[in-house]
Amino acid sequence: TSHAQVWFDNPRSLRLRYSLVKQYGLAGVGLWHLDALDYFSTDPLVQKQTREMWETLEDTLLLQAPARS
C-alpha cells in the first residue's frame with residue numbers, strides 16, 4: 001500500500017485559518033516550506049499565486065508594528 005499527501009491552499013483557505021488566529025488571540029501562524037514557492041518564475045499564474053499568498057497573510061493579520069506611545 002502506498003500513501004500520498006496533498007496540500008492545497010488558496011487565499012480563501014488561508015484567510016479562514018488566519019482569521020482563527022485573530023479570533024482566539026493566538027501569537028501568530030507557522031508557515032511551512034515557503035521556499036517551495038517559485039519567486040523567480042516568469043509564469044504569470046505562478047507570480048499571481050505567490051503574490052496572493054503574501055497579500056492574504058498581510059491583509060488578514062494586519063502585519064503592522066504596534067504604535068509607540
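Q: Which residues are buried in H2?
A: Start with the cut-offs. Buried means under 20% relative accessible area, exposed means over 50%, and partly exposed lies in between (1.4 Å probe, protein chains only). Helices (H or I, at least four residues) and strands (E, at least two) are DSSP runs, numbered from the N terminus. In H2 the buried residues are Thr50, Met53, Thr56, Leu57, Thr60 and Leu61. Viewed down the axis of H2, these buried residues fall within an arc of 125°, so they line one face of the helix. The arc is that of the directions from the helix axis to the C-beta atoms. Pro44 and Asp59, on the other side of H2, are exposed.

Q: What kind of model is this, and how are residues numbered?
A: This is a predicted model, with residues numbered from 1 along each chain as its sequence is written. Local features need pLDDT of at least 70 and side-chain atom pairs count only at pLDDT 80 or more, while totals for chains, interfaces and linings use all residues; side-chain values use heavy atoms, leaving out hydrogens and water.

Q: What do the buried residues of H2 pack against?
A: They pack against H1. Take threonine 60, which sits in helix H2. Threonine 60 is buried, at a relative accessible area of 8%. A contact means heavy atoms within 4.5 Å. Leaving aside residues up to four places away in sequence, threonine 60 touches Arg15, Tyr18, Ser19 and Lys22.

Q: How many residues does H2 have, and what span is expected?
A: The expected span of a helix is 1.5 Å times one less than its number of residues. H2 has 18 residues. From first C-alpha to last, H2 reaches 26 Å, close to the 26 Å expected.

Q: How many helices and strands does the chain have?
A: The chain has 2 helices and 0 strands. Buried residues make up 14% of its 69 residues. Now the contacts between residues at least 6 apart in sequence: 51% of them join residues at least 24 apart. Glutamine 49 lies in helix H2 and is partly exposed at 45% relative accessibility.

Q: How many salt bridges are there?
A: A salt bridge is a side-chain nitrogen of Lys or Arg within 4 Å of a carboxyl oxygen of Asp or Glu. By this rule there are 2. One joins arginine 17 to aspartate 9, with the closest N and O atoms 2.2 Å apart. Arginine 17 is partly exposed at 43%, and aspartate 9 is partly exposed at 37%. Another links glutamate 52 and lysine 48, at 2.7 Å from N to O. Glutamate 52 and lysine 48 lie 4 residues apart in helix H2, about one turn. Glutamate 52 is partly exposed at 23%, as is lysine 48 at 38%.

Q: Which residues make the nonpolar surface patch?
A: Patches are made of residues with over 30% relative accessible area and no salt bridge; like charges are joined within 9 Å, nonpolar side chains (Val, Leu, Ile, Met, Phe, Trp, Tyr) within 5 Å. Here Val29, Leu31, Tyr39, Phe40 and Trp54 make a nonpolar patch of about 530 Å². Tyrosine 39 is in the loop between helix H1 (11-23) and helix H2 (44-61). Tyrosine 39 is partly exposed, at 42%.

Terms used:
Accessible areas come from the Shrake-Rupley method with a 1.4 Å probe; for residues, only the protein chains shown count as cover.
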